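Here is a short briefing for a reader who is meeting this structure for the first time. Start with the view below, then work through the points by topic.

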Amino acid sequence: MDKPDAQMPPRPTAPKIPLPKGACDAHVHLVAGRDDFPLWEGRVENPAPGPNFNQWLSLYQQHLDTMGFERGVIVHSILYGTDNSVTVEAVRRMGNNFKGVGLLPDGATETQIGQFAEWNMCAVRLNYVHGGVLTWDGAKAMAPALAERGLHIQMLCHADQHMDALAADIKSLPVPVVFDHITWPTQGLAADGKGIDTLCALLDSGKIWIKLSALYRMCDAPFDAAAKLVERLIKTNPDRCLWGSDWPHLMLNGADMPNGANLLDALDNVASTQDRQKIFVDNPNALFKFAD
């Protein structure tokens with residue numbers, strides 16, 4: 001069966017307020033030409049047609065330069081399944097100021113996890129929203145091996161559906177958990193919605209990190225509907241907040257294609273200058289331990 005093609009991201013524009021020096025975009029995906037790297041048969045869409053891998057890297061660099069980022073984290077896309085090669089090569093080509101987040105299946109061996117670390121991966125991703133190859137039980141089982149190598153778990157879930165059930169396990173893990181996309185609530189973006197108190201308690205404890213990313217998947221621009229929730233997360237623990245553009249905005253599933261600068265501008269409405277220094281520079285450096 002033919003699969004739909006993703007949309008091309010828009011040409012990047014600069015945010016209203018320049019980013020601090022050394023800023024990190026902590027959540028993007030890299031894709032390639034149709035024949036450059038093997039795609040997963042179970043994917044729901046194809047990468048946007050046209051650019052090959054080298055051209056996608058150039059588009060990514062343009063995104064970084066225009067918006068003011070010097071560091072980045074490249075999160076492996078489920079479009080490629082457990083073959084991490086497109087992400088590994090992107091991280092290698094981008095250099096020391098970039099890290100990867102990849103996919104490993106349940107039961108991954110010590111050798112596989114060791115290779116993961118050698119590839120400059122910083123985390124393994126668990127996806128409760130789109131599915132995938134790693135379960136929560138599998139992630140818990142590999143956590144000690146991840147901890148030995150300085151890796152962590154990155155997770156996409158729905159706060160209202162999953163957070164209360166996950167909390168006890170998270171407290172006992174030997175590694176931190178980084179939650180994507182403000183934990184993507186499905187019952188509205190109220191700052192006191194289901195699961196948010198639990199999320200904030202974990203955030204306050206320092207046990208987890210939160211990415212203030214992908215607001216466009218939950219509300220329309222200018223993203224005011226998410227402002228109070230984002231503000232609560234920052235106030236709860238500004239030392240555990242990160243920001244990511246989610247470029248090039250794959251699997252929109254009905255959401256409008258965003259402009260990354262507008263997402264940055266929305267953060268500026270609720271984050272102080274001190275908060276921005278932490279979110280874009282200090283916190284990523286602490287968690288991802290960039291070489292430069």
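Helix α1 passes helix α2 in a right-handed crossing. The model shown is a predicted one. The points below begin with this pair and then move to other helices, the whole chain and some backbone details.

**α1 and α2**

- α2 covers residues 85–94, and its axis comes within 11 Å of the axis of α1.
- The two axes cross at roughly 55 degrees.
- On the α1 side, the contact uses F53, N54, L57, Y60, Q61 and L64.
- On the α2 side, these residues meet V86, E89, A90, R93 and M94.
- Sorted by class, the contact of α1 with α2 has seven nonpolar, two polar and two charged residues.

**α6 and α7**

- Helix α6 spans residues 196–205, and helix α7 spans residues 227–236.
- Their axes lie 9 Å apart, and the packing angle is about 30 degrees.
- An angle under 35 degrees counts as roughly parallel, so α6 and α7 are roughly parallel to each other.
- The crossing of α6 and α7 is right-handed.
- From α6, the contact draws on I196, D197, L199, C200, L203 and D204. From α7, it draws on L229, R232, L233 and T236.
- The residues in the contact of α6 with α7 divide into six nonpolar, one polar and three charged.

**A covered helix: α8**

- Helix α8 runs over residues 260–268 and is mostly covered.
- How many of its nine residues are buried? Eight of them are.
- The buried residues of α8 are G260, A261, L263, L264, D265, A266, L267 and D268.
- What covers these buried residues includes α1 (53–67), α7 and α9 (273–288).

**The chain as a whole**

- The chain has nine helices and eight strands.
- Its radius of gyration is 18 Å, close to the 19 Å that the globule rule gives for 292 residues, so the chain is as compact as a globular protein of that length.
- Along its principal axes, the C-alpha trace spans about 45 × 45 × 40 Å.
- Buried residues account for 57% of the 292 residues.
- Take the contacts between residues at least 6 apart in sequence: 79% of them join residues at least 24 apart.

**Cis peptide bonds**

- Most residues other than glycine have a negative phi, and most peptide bonds are trans. The bonds and residues below are worth a look with that in mind.
- A221 and P222 are joined by a cis peptide bond, with omega about 10 degrees. P222 sits in the loop between β7 (208–211) and α7.
- The bond from W247 to P248 is also cis, and its omega is near 0 degrees. P248 is in the loop between β8 (241–242) and α8.

**Positive phi**

- H181 is not a glycine, yet its phi is positive, near 55 degrees. H181 lies in the loop between β6 (177–179) and α6.
- Is H181 buried or exposed? H181 is buried, with a relative accessible area of 2%.
- M251 is not a glycine either, and its phi is positive at about 45 degrees. M251 belongs to the loop between β8 and α8.
- Buried means under 20% relative accessible area, so M251, at 14%, counts as buried.

Terms used. Residues are numbered from 1 along each chain as its sequence is written. This is a predicted model: local features need pLDDT of at least 70, side-chain atom pairs count only at pLDDT 80 or more; totals for chains, interfaces and linings use all residues. Side-chain values use heavy atoms; hydrogens and water are left out. Axes are lines fitted to C-alpha atoms, for helices over the stretch in contact, and angles run from 0 to 180 degrees between N-to-C directions. Helices (H or I, at least four residues) and strands (E, at least two) are DSSP runs, numbered from the N terminus. Angles under 35 degrees count as roughly parallel, over 145 as roughly antiparallel, 65 to 115 as roughly perpendicular and the rest as oblique. A crossing is left-handed if the near helix is turned anticlockwise from the far one by less than a right angle, and right-handed if clockwise. Contact means heavy atoms within 4.5 Å. Ala, Val, Leu, Ile, Met, Phe, Trp, Tyr, Cys and Pro count as nonpolar, Asp, Glu, Lys and Arg as charged, and the others, Gly among them, as polar. The radius of gyration is taken over C-alpha atoms; the globule rule is 2.2 Å times the number of residues to the power 0.38. Buried means under 20% relative accessible area, exposed over 50%, partly exposed in between (1.4 Å probe, protein chains only).
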